[in-house]
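Me: Could we go through this one together, starting with a term and then working along the chain?

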Amino acid sequence: MTMGLPGIFVIFALIALVLNAVAPRFHGIWETLLAFYCIFALVAGLIEVRLTLKGRAAAASGQG
């Protein structure tokens, strides 16, 4: 099983948290990056769930 796009953004968010701990003087930049990565991970996760459900529905109806 692969990590997928949401997993990549989760890793980016963790890196932003580590960078916030290492270089706290750039606090605003790291928080902005963290917010973007979390939003992107959420959207990518929802897209994957939708595609998975759509694929299962197509397979169940015999169109897949």
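Me: Before anything else, what are patches made of here?
Reply: Patches are made of residues with over 30% relative accessible area and no salt bridge, and nonpolar side chains are joined within 5 Å. Please keep in mind that this is a predicted model.

Me: OK, so which residues form the nonpolar patch on the surface?
Reply: Met3, Leu5, Ile8, Ile11, Phe12, Ile15 and Leu19 form it, and together they have about 580 Å² of accessible area.

Me: Take Ile15, then: where is it found, and what is its relative accessible area?
Reply: Ile15 is found in helix 1, and its relative accessible area is 43%, so it counts as partly exposed, given that this class lies between 20% and 50%.

Me: And which residues of helix 1 are buried?
Reply: The buried ones in helix 1 are Pro6, Gly7, Phe9, Ala13, Ala16 and Asn20, and the buried residues of this helix pack against helix 2, which covers 27-61.

Me: How far apart are the end C-alpha atoms of helix 1, and what span should its residues give?
Reply: Helix 1 runs over residues 4-22, and because its 19 residues at 1.5 Å a residue should span 27 Å, the 28 Å between its end C-alpha atoms agrees with that. Helix 2, with 35 residues, reaches 51 Å from its first C-alpha to its last, close to the expected 51 Å.

Me: What follows helix 2?
Reply: Gly62 follows helix 2, and the phi of Gly62 is positive, near 85°.

Me: Switching topic, what about Cys38: where is it found?
Reply: Cys38 is found in helix 2, where its relative accessible area of 42% makes it partly exposed. The C-alpha atoms of Cys38 and Arg25 are separated by 21 Å, with the two residues 13 apart along the chain.

Me: Now the whole chain: how many helices and strands are there?
Reply: The protein chain has two helices and zero strands, and its C-alpha atoms fill a box of roughly 55 × 20 × 10 Å along the principal axes.

Me: Last one: what share of the residues is buried?
Reply: Buried residues make up 17% of the 64, while the chain exposes about 5,000 Å², of which carbon and sulfur atoms supply 74%.

Methods:
Residues numbered from 1 in each chain as written. Predicted model: local features only at pLDDT ≥ 70, side-chain atom pairs only at ≥ 80, totals over all residues. Heavy atoms only, no water. Helix = DSSP H or I, 4+ residues; strand = E, 2+ residues; numbered from the N terminus. Buried < 20%, exposed > 50% of the residue type's maximum accessible area, 1.4 Å probe, protein only. Areas by Shrake-Rupley, 256 points an atom, 1.4 Å probe, with all protein chains shown as cover. Expected span 1.5 Å × (residues − 1). Contact = heavy atoms within 4.5 Å. Patch = residues over 30% accessible without salt bridge, like charges linked within 9 Å, V, L, I, M, F, W, Y side chains within 5 Å. Salt bridge = Lys/Arg side-chain N within 4 Å of Asp/Glu carboxyl O.
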